[in-house]
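The following paragraphs lead through a structure from its overall make-up to a few individual residues. Please keep the sequence and the 3D view at hand while reading.

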Amino acid sequence: MKLISILLFSLILFGCKSTKNEPLAPVNIDYNQKFEELLGQFKADGNSVSYEEMWHVYLKSDQIQNSAVKQDDYLDILNQLESGQKNCDEIDWLFITSQNFWSIKPHISAATCYEMIGDGLKSNYHNSAVEFLLTGILSSGDGTNYYSAYEVATWGDASDFIELTDYEVV
């Protein structure tokens, strides 16, 4: 009887051990692709994407790594416009703002250009992007203390935000 009890106990332990949950394999997420998907959703319907979701994917993507180069490209375009080398309707604003989505001023430039040439649909898209970005930044903190500061990715984005909202750096 003792042998049967030991055998039964061993089988129970063995059975319990074999049902142990194995850890799940890590999920590889392509954050660049995910950001492009969210950007596509935003382009189709600005209300279909939350700022928080897009922000967190953006921070994990490669988008932020080249933001200074993208900002320089935008400034070169502005110089070309100001010098008369190009007209605003010759600029691929959708490309510029897709590459530099989190930067507010390229969207403002695009909206202004599209308003000037009478393309209200594209102008509205860029105005919506500006509103999305400003509202999102404002919802990221209250800015009264260092631990509740507004969250931005680059100094350029902070500078644009400050300029457009009449805030100041403390």
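The protein averages a pLDDT of 82, and 80% of the residues score at least 70, where pLDDT is the predictor's confidence in each residue, from 0 to 100. Confidence is lowest in helix α1 (residues 2-18), at a mean of 50, and highest in helix α6 (residues 104-116), at 94. Because this is a predicted model, local features need a pLDDT of at least 70 and side-chain atom pairs count only at pLDDT 80 or more, whereas totals for chains, interfaces and linings use all residues. Residues are numbered from 1 along each chain as its sequence is written, and side-chain values use heavy atoms, with hydrogens and water left out.

The protein contains eight helices and zero strands, where helices (H or I, at least four residues) and strands (E, at least two) are DSSP runs numbered from the N terminus. Of its 170 residues, 29% count as buried, a term that stands for under 20% relative accessible area, with exposed being over 50% and partly exposed in between (1.4 Å probe, protein chains only). Taking contact to mean heavy atoms within 4.5 Å, 54% of the contacts between residues at least 6 apart in sequence join residues at least 24 apart.

The interior can be approached through its nonpolar cores, each a set of buried Ala, Val, Leu, Ile, Met, Phe, Trp, Tyr and Cys residues joined through side-chain atoms within 4.5 Å. The largest of them has 21 residues, and those with the most contacts inside it are Phe35, Phe42, Met54, Phe101 and Trp102. Helices α2, α3 and α7 (120-139) each supply at least two residues of this core, and α7 gives the most, with seven residues. A second, separate core of nine residues includes Tyr74, Ile77, Ile91 and Tyr114.

Rings of Phe, Tyr and Trp (its six-membered ring) pair if their centres lie within 6.5 Å, and planes under 30 degrees apart count as stacked, over 60 as edge-to-face and the rest as tilted. By this rule the count comes to 13 aromatic pairs. One of them, formed by Phe35 and Tyr58, is tilted, with 5.7 Å centre to centre and 45° between the planes. Since Phe35 lies in helix α2 (residues 31-44) and Tyr58 in helix α3 (residues 51-60), the pair ties together parts that are 23 residues apart in sequence. Phe35 counts as buried at 0% relative accessibility, and Tyr58 is likewise buried, with a relative accessible area of 4%. Leaving aside neighbours within four places in sequence, Trp102 is in contact with Phe35, Tyr51, Met54, Trp55, Tyr58, Leu133 and Asp157.

Two serines complete the picture. Ser61 has its place in the loop between α3 and α4 (67-83) and is buried, with a relative accessible area of 4%. A polar atom of the Ser61 side chain lies 2.8 Å from the backbone oxygen of Tyr58, and the backbone nitrogen of Gln63 lies 3.1 Å from a polar atom of that side chain. Beyond its neighbours within four places in sequence, Ser61 is in contact with Tyr31, Asn32 and Phe35. Ser109, by comparison, lies in helix α6 and is buried, with a relative accessible area of 16%. With neighbours within four places again left aside, Ser109 is in contact with Tyr74, Leu78 and Trp93.

Note on methods: Polar contact = N/O pair within 3.5 Å; in protein donor to acceptor, adjacent residues only side chain to side chain.
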